[in-house]
Amino acid sequence: MQSKMKLTSIDLVKIIESPESEDILGAFRSRTFRKGEVLASPDDTENFVFIIREGRARIFMSSPSREFMLSILSKGDIYSTHTRATCQALEDGMMYTCPILKFKDIATKHSEFTMTMVKVLGELLSSTFSIIDGFAFRDTALRLTLFLYEEALHSGKEENGGRYLELTLTVEQIAQVIGSSRQLVSTLLNDMYKSGLVERRGRGKFFIPDMERLHKESQLPL
């Protein structure tokens, strides 16, 4: 299962940096970015795609009163300008950029790369439906338990019959991911600690002793 925070499981950096993709990589330009820098916004005039090479960036939508984090981009993830979301660097890093028209030309000339992009788009669509499902049908408690379950399953490590999970997100950022407030998420996490559903091992560090129980708690009641 794919992590809620990952839009796709395909590492495009590995693909375009392979020896057989030398001409594809030649169409991209590399550039560095700094923590806090906006990499793409709804007001962009440039039209390009980019692939994260190093570092991480968050994708979010905002209004004057609320902000929703949709995903976190890391190595190998692709994104583009001209969407209704904003992409902002969470840390220093580097990315490959390519104008949209040149990117379309690459896809036309390289059928293997086109097939890879079809898979990427399929995973993006699946991730979008998962986000909609969470906001439309699950309350905050269910969204939080599902988030922790998926993150532990995808990026956690097995330990003593459970899974150890280390998140590089603050409680505020977790709240943004699931569309809630920091105060409510903090309260719900404390309830999970008290019930033994989740154990806190430190800042951003969790242990889930029973993944099956956590999964059941994340499901909609019949």
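The axes of H5 and helix H6 (residues 171-178) come within 10 Å and cross at roughly 110 degrees, where axes are lines fitted to C-alpha atoms, for helices over the stretch in contact, and angles run from 0 to 180 degrees between N-to-C directions. This is a predicted model, in which local features need pLDDT of at least 70, side-chain atom pairs count only at pLDDT 80 or more, and totals for chains, interfaces and linings use all residues. Residues are numbered from 1 along each chain as its sequence is written, and side-chain values use heavy atoms, with hydrogens and water left out.

**Exercise 1.** Classify the arrangement of H5 and H6, and list the residues that meet.

*Solution.* Next, for contact (heavy atoms within 4.5 Å), Thr140, Arg143, Leu144 and Phe147 of H5 meet Ile174, Val177 and Ile178 of H6. By class, these comprise 5 nonpolar, 1 polar and 1 charged residues.

**Exercise 2.** Describe how H5 packs against H7.

*Solution.* Helix H5 (residues 140-155) and helix H7 (residues 182-195) pack at an angle of about 65 degrees, with axes 10 Å apart, and they are therefore roughly perpendicular to each other. In H5, the residues Thr140, Ala141, Leu144, Thr145 and Leu148 meet Leu184, Val185, Leu188, Leu189 and Met192 in H7, and this contact divides into 8 nonpolar, 2 polar and no charged residues.

**Exercise 3.** Decide whether Ser41 is buried or exposed.

*Solution.* Ser41 lies in the loop between strand S2 (38-40) and strand S3 (48-54). Its relative accessible area is 15%, and buried means under 20%, whereas exposed means over 50%, so Ser41 is buried.

Methods. Helix = DSSP H or I, 4+ residues; strand = E, 2+ residues; numbered from the N terminus. Parallel < 35°, antiparallel > 145°, perpendicular 65-115°, else oblique. Nonpolar A, V, L, I, M, F, W, Y, C, P; charged D, E, K, R; others polar. Buried < 20%, exposed > 50% of the residue type's maximum accessible area, 1.4 Å probe, protein only.
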